[in-house]
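Subject: Structure handover

Hi,

Here is the structure we talked about. My notes follow below it.

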Amino acid sequence: MSASPSARVVPSTVATLIEEARKNPVRWLIPNVLLEGGTHILHGKEESFKTMLTIQMHEVLTMGGEFLGRSVTGGLKTGIVQLETKPRLFGNRLAQFFRGEVPPIEVLPEELRLQVLNGKQPKDRICIIADWAQKLDLN
């Protein structure tokens, strides 16, 4: 039985793993902090500035600049899913943060936010967010 031509070959030796890594090098969106295609979790106590850190990260990913002392090129299309705070309050926080130029960051619309919050299963909630991000072609 042979594999179909479209089947992805999974490296099974050190040599093939190195070859695959050379063909597809690691790309850091924020050097040594945020990996392209990676899964990243930001967790912390309430009021520990997670939202502000996230907003700063989105700003630099879209507009470029420095983040945690690292130079970032920018130019990405990003989006924020804010579930804990209602839009009016979140908008107020954003207005306080962005006093000058406002970066082009998408925000999950309120109707989708409510769908996520009312989702029965985690998979349902994640699918709503993933569909939104895919439709907007977010990086």
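The salt bridges come to three. The rule is a side-chain nitrogen of Lys or Arg within 4 Å of a carboxyl oxygen of Asp or Glu. Bear in mind that this is a predicted model, where local features need pLDDT of at least 70, side-chain atom pairs count only at pLDDT 80 or more, and totals for chains, interfaces and linings use all residues. Residues are numbered from 1 along each chain as its sequence is written, and side-chain values use heavy atoms, with hydrogens and water left out.

Lys23 pairs with Glu19, at 3.2 Å from N to O. The two sit four residues apart in helix H1 (residues 14-23), so about one helical turn separates them. Helices here are DSSP runs of H or I with at least four residues, strands are runs of E with at least two, and both are numbered from the N terminus. Lys23 is exposed, at 57% relative accessibility. Glu19 is partly exposed, at 41%. The cut-offs: buried is under 20% relative accessible area, exposed is over 50%, and partly exposed is in between (1.4 Å probe, protein chains only).

Arg27 bridges to Glu36, with the closest N and O atoms 2.7 Å apart. Arg27 is partly exposed, with a relative accessible area of 43%. Glu36 is also partly exposed, at 42%.

Arg113 bridges to Glu110, with 3.2 Å between the closest N and O atoms. Both lie in helix H4 (residues 110-118), three residues apart, about one turn of the helix. Arg113 is buried, with a relative accessible area of 6%. Glu110 is partly exposed, at 31%.

Now the whole chain. It has five helices and six strands. Their order along the sequence is α-β-β-α-β-β-β-α-β-α-α. The radius of gyration, taken over C-alpha atoms, is 19 Å, whereas a compact globule of 139 residues would have one near 14 Å. That globule rule is 2.2 Å times the number of residues to the power 0.38. Along the principal axes, the C-alpha atoms fill a box of roughly 60 × 40 × 30 Å. Buried residues make up 22% of the 139.

Contacts (heavy atoms within 4.5 Å) come next. Of those with a separation of 6 or more, 56% join residues 24 or more positions apart.

Last, charge. The chain has 17 positive and 15 negative charges, and their mean positions are 4 Å apart. Lys and Arg count as positive, Asp and Glu as negative; His and the chain ends are not counted. Each charge is placed at NZ of Lys, CZ of Arg, CG of Asp or CD of Glu.

Best wishes
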